[in-house]
Amino acid sequence: MNQKVIIIGAGFSSLSAACYLAKKGYEVQILEKNEQLGGRARQLKRDGFTFDIGPTFYWMPDVFESFFNDFGKNTKDYYSLKKLNPAYQVYFGKNDSISIPDNLEEIKAEFEKIEKGSAQKLAKFIDNAAENYSIAINDLVYKPGENIFEIIELKTLKRLPLFFKSIKSQVSQYFRDPRLIKIMEFPVLFLGAKPSNTPAFYNFMNYADFALGTWHPEGGMYKVVEAFVNLAKDLNVRIENNISVESIIAEGNQVQKVRTNKGEFECDILLSGADYAHTESLLDKKFRSYSFNYWNKKTFAPSALLFYVGFDKKLKNVSHHTLFFDTDFAPHADAIYDNMRWPEKPLFYASFPGITDSLMSPMGKESGVFLIPIAPDLEDTPEIRKKYFDIIIDRIEIMTHQKLKNKILFQESYCIKEFVSDYNSYKGNAYGLANTIWQTHILRPKLRSKKLKNLYFAGQLTVPGPGVPPSIISGKIVSELIHKYHERDI
């Protein structure tokens, strides 16, 4: 009889792991607490408008393609992709914005217009980033983080100095114009830490940005979730929603079963793609690998205040992805990471997918998603949400020269309270643990429990880190780890 694997949660890491485990011959069942699958990548539909609740950027397309190739499939078997041009637009002030083209040659030309000599510098920077990307994808991110020797090779040792140098210091050696510096520092924000605390090795995110490009799946990111779900079902993975795991029952050194709001489920192996700290809280204390103090001392990636807005018009002077960097990042970063508080003048991000995709908004109207990164565990009230919604709408009106307040049909918000209630997210974080030097590879929480030999974890709190592509990779890594320790039991 095949080994039975119960997986908690139906986010990308769980769905990825489920597919790989089913392919290897395990009996796999996913238990998802919410009505909708996809974890943080769920979808909101209202009055003909469609919003991706979580991720909106489709970066590192090679990771998605590699996943489907592992099953003899291609992304085009499930959804259509469009490369965005511009990839995104960045506002630095009124009448001051830069649009990033969809190819490196045009990006270099754009940089050269702003700072003489920067095109050649950018080419050199991206060449280095390309080498790091190759090493990261081929030698680092698909390793389980069990021991340091997984990543000790000559080519990785040569890159060691880059782990003790920050992205911020590296970028400042190449560029002087503050706008170019902000653009170069932007991609590492996906890793959940300040550029000053992110190792320079992670400049491979700049390669992902400028060389691999920014894409949009027709119908939104939820089409990617549906693709993973359909593949999992084709592999005979059972998926149950509206089932909340309330406790994990273990005896000796093994998990025996999970207790849910709909009864008990026995398993041979338990994998959690849900919040790591929350999952361990469901265990008797003696079976937990990490204490409350451990989690409390970790550097978490930001939480977020999000708004989903239906506009009764098409917006002007914006792109599909638009960044508003018209205030100083340093005090905002301080409010997220150092002296946790609500920022006075926040930077924020906006997505207007209807510019690219007619499926996302009714004709002549526009869907808008707005995100303000904030510190986890802040006070979250309706009054605070309204204050910040007014702030960002006022700034957009100024930056883009248009009136919007009287064109808002509706707006819904999502913040710390929902991250906790929907995902049991530790302190309401949105992106897991930041990828700092002290939270990389073996220094991240382990994929395999230290106390229970059949309990495993996946997702953005373990290796390789935050983001959709890393979550997909995490699912593959943990499936291989499970197979390594349980192959003989199939």
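The angle between two packed helices is taken between their N-to-C directions and runs from 0 to 180 degrees, with axes fitted to C-alpha atoms over the stretch in contact. The model used in these exercises is predicted.

**Exercise 1.** Describe how helix 4 packs with helix 6, and state which residues make the contact.

*Solution.* Step 1: locate the elements. Helix 4 covers residues 118-140 and helix 6 covers residues 167-174.
Step 1: list the contact, taking heavy atoms within 4.5 Å. Helix 4 contributes Lys121, Lys124, Phe125 and Asn128, while helix 6 contributes Gln170, Val171 and Tyr174.
Step 2: sort by class. The contact of helix 4 with helix 6 has three nonpolar, two polar and two charged residues.

**Exercise 2.** State how many cavities of 30 Å³ or more the structure holds, and characterise the largest cavity.

*Solution.* Step 1: search the whole structure. Three cavities of 30 Å³ or more are found.
Step 1: give the volume. The largest cavity holds about 70 Å³ of space.
Step 2: name its lining. Lys182, Glu185, Phe186, Leu189, Pro195, Phe325, Phe329 and Leu347 line the largest cavity.
Step 3: sort by class. Six of these lining residues are nonpolar, none is polar and two are charged.

**Exercise 3.** Characterise the second largest cavity by volume and lining.

*Solution.* Step 1: the volume of the second largest cavity is about 50 Å³.
Step 1: its lining consists of Asp52, Thr56, His216, His320, His321, Ser351, Pro353, Met360 and Val369.
Step 2: by class, this lining has three nonpolar, five polar and one charged residues.

How values were computed. Residues numbered from 1 in each chain as written. Predicted model: local features only at pLDDT ≥ 70, side-chain atom pairs only at ≥ 80, totals over all residues. Heavy atoms only, no water. 1 Å grid on protein atoms, 1.4 Å probe; cavity = no way out; pocket = protein on both sides within 12 Å on 5 of 7 lines; lining within 4 Å. Points joined across faces, edges and corners; volume = space filled by probe spheres on them. Nonpolar A, V, L, I, M, F, W, Y, C, P; charged D, E, K, R; others polar. Helix = DSSP H or I, 4+ residues; strand = E, 2+ residues; numbered from the N terminus.
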